[in-house]
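The sequence and structure come first.

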Amino acid sequence: MTASRSGFVTFVGRPNVGKSTLTNALVGEKVAITSDKPQTTRRAIRGIVNRPGGQLIIVDTPGIHKPRTLLGQRLNDLVEQVLGDVDVIGFCVPATEKVGPGDRRIAESLDGYPRAKKVAIVTKVDAAPREEITERLLQVDSLREDWAAVIPLSAVTHDQLDVLADELLTLMPAGPPLYEAGVVTDESVTDRIAEIIREAALEGVRDELPHSIAVTVEDISSREDREDLTDVYANIVVERDSQKAIIIGRKGTRLRDVGARARAGIEPLLGTKVFLSLRVRVAKEWQRDAKQLGRLGF
């Protein structure tokens, strides 16, 4: 009988290289929101992967970027803090894009975390031809001398996902599982609902708006007369009146779409039908205001 292993892993890389998609694929259900907008993840979300040989706890961090606001700075600080605490760092580069200065900078910055073992992961191999994947593997391999492994995979088709999970587990310290079997995240239901609504609100918005959206959940309660119905009241918070108009859309059509998309994600989580009430609030320049950031949970 081999000893059980358990420990913490985080995936780093430029924004939008597929870290959240990879987290969800390994966990086997959605714990981190995904979007084609960079810097979608704002908290260190823990996803828990139970394997025959032990347990992986994935800390899904925001993408590392040059901060332009106080929120951006806090997100970078969060990444720093997480990287100092994990057992393994998985450095992600998409097969579909050439290795650039941003990738090199992040790969070099891993020197600052000598305790963690490093694994290079080439993501999105389902979207790239074989020659491109080979080229990317060689480029990534040459970024550092100390990779414990270099693994190409696709989180979408699950190609090589088990290879990564097994490799990560062998690099973890021996020890019992840290969470009970069956637990997939230590995020609260309220936080998960807020994230599902934010993901729905991010769909199809342009440019600067994604970073200006935050969500607060005011109340979650079961209907007294109907056990199969849960009422959820939430606010979508933006920074300007013009953004409020974009979220609501013409005659409220966009907000209705956001509500329908969010409800489809919340119902399986709660296991009941959901009545979702969404209000759009303006909190001027909240990304730059320490007090407002605190109120919104950052």
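Aspartate 162 has a relative accessible area of 47% and is partly exposed. The model is a predicted one. In it, aspartate 162 pairs with arginine 51 in a salt bridge, with 3.2 Å between the closest N and O atoms. Arginine 51 lies in strand E2 (residues 45-51) and aspartate 162 in helix H5 (residues 161-170), so the bridge links distant parts of the chain, 111 residues apart. Arginine 51 is also partly exposed, at 21% relative accessibility.

The count of salt bridges comes to 13. A network of them links Lys98, Glu132, Glu135 and Arg136. Within helix H4 (residues 130-141), arginine 136 and glutamate 132 are four residues apart, which means a separation of about one helical turn. Arginine 136 is buried, because its relative accessible area of 1% falls under the 20% cut-off. Glutamate 132, at 22%, is partly exposed, and glutamate 135 is partly exposed at 30%.

| Arginine 51 | Aspartate 162 | 3.2 Å |

Ile246, Ile247 and Ile248 of H8 meet Thr253, Arg254 and Leu255 of H9. By class, four of these residues are nonpolar, one is polar and one is charged.

Technical notes: Residues numbered from 1 in each chain as written. Predicted model: local features only at pLDDT ≥ 70, side-chain atom pairs only at ≥ 80, totals over all residues. Heavy atoms only, no water. Contact = heavy atoms within 4.5 Å. Helix = DSSP H or I, 4+ residues; strand = E, 2+ residues; numbered from the N terminus. Nonpolar A, V, L, I, M, F, W, Y, C, P; charged D, E, K, R; others polar. Salt bridge = Lys/Arg side-chain N within 4 Å of Asp/Glu carboxyl O. Buried < 20%, exposed > 50% of the residue type's maximum accessible area, 1.4 Å probe, protein only.
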